[in-house]
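These are my notebook entries on one protein chain. I set down what I looked up and what I found.

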Amino acid sequence: VRKILYRLYSHSLVTYDRSRDGKTGWYIFHWRLQPEQVEGFIQTQKRRFLEKLCTRLEFEKSHSFYYCPFCSIRITFEEAVEIMFRCPKCGRSLGFFDNQPIIEFLERKIEELREELGMKQ
């Protein structure tokens, strides 16, 4: 619990007062939530997540992928050329992987986040 409280404190979501117990000499911490900071923190996290999704979308759009159905390994075209289209684990042939569903999913999520954040394209 203490570790989580300190993590929340590092994001300014909680604050504390510290006093010393007169009998034992131990410190007593009195934690308080700062609700006015929560909305800003959530917005910041959403923006960071949006940036990561945009970076991933660009990566997906700019690369072709190959896949080994036996080992569930997905690698880029450049890597597949280097290993002569053979799976690095089992040695079987790699097949083309259509990443269009992933691209569509990322685009939907990015659009949803932009709407939540009130951002235009």
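Entry 1. In which sense do strand β1 and strand β2 pair, and over how many bridges? I found that β1 (residues 14-20) and β2 (residues 27-33) pair in the antiparallel sense over 7 bridges. Two strands count as paired if DSSP finds at least two bridges between them. I noted Ile 28 in β2 as the bridge partner of Ser 19.

Entry 2. I recorded the basis of the entries. The model is predicted, so that local features need pLDDT of at least 70 and side-chain atom pairs count only at pLDDT 80 or more, while totals for chains, interfaces and linings use all residues. Residues are numbered from 1 along each chain as its sequence is written, and side-chain values use heavy atoms, with hydrogens and water left out.

Entry 3. I then looked up the chain as a whole. It has 4 helices and 5 strands, in the order α-β-β-α-β-β-α-β-α along the sequence. Helices (H or I, at least four residues) and strands (E, at least two) are DSSP runs, numbered from the N terminus. The radius of gyration of the chain is 24 Å, whereas a compact globule of 121 residues would have one near 14 Å. This radius is taken over C-alpha atoms, and the globule rule is 2.2 Å times the number of residues to the power 0.38. The C-alpha atoms fill a box of roughly 75 × 40 × 20 Å along the principal axes.

Entry 4. What share of the 121 residues is buried? I found 19%. Buried means under 20% relative accessible area, exposed over 50%, and partly exposed in between (1.4 Å probe, protein chains only). After α1 comes Ser 12, with a positive phi near 60°.

Entry 5. I looked up the salt bridges, of which the structure holds 6. A salt bridge is a side-chain nitrogen of Lys or Arg within 4 Å of a carboxyl oxygen of Asp or Glu. One of them joins Asp 17 and Arg 32 (2.7 Å, N to O). This pair links strand β1, which holds Asp 17, with strand β2, which holds Arg 32, 15 residues apart. Asp 17 is partly exposed at 38% relative accessible area, and Arg 32 is partly exposed at 40%.

Entry 6. Which residue forms a salt bridge with Lys 46? I found Glu 116, with the closest N and O atoms 2.8 Å apart. Lys 46 lies in helix α2 (residues 35-62) and Glu 116 in helix α4 (residues 100-117), so the pair ties together parts that are 70 residues apart in sequence. Lys 46 is partly exposed at 24%, and Glu 116 is partly exposed at 46%.

Entry 7. I turned to Arg 74, which forms a salt bridge with Glu 60, the closest N and O atoms being 2.8 Å apart. Arg 74 is in strand β4 (residues 73-76) and Glu 60 is in helix α2, 14 residues apart. Is Glu 60 buried or exposed? I found Glu 60 to be buried, at 1% relative accessibility, while Arg 74 is partly exposed at 27%. Arg 56, Glu 60 and Arg 74 are linked in a network of salt bridges.
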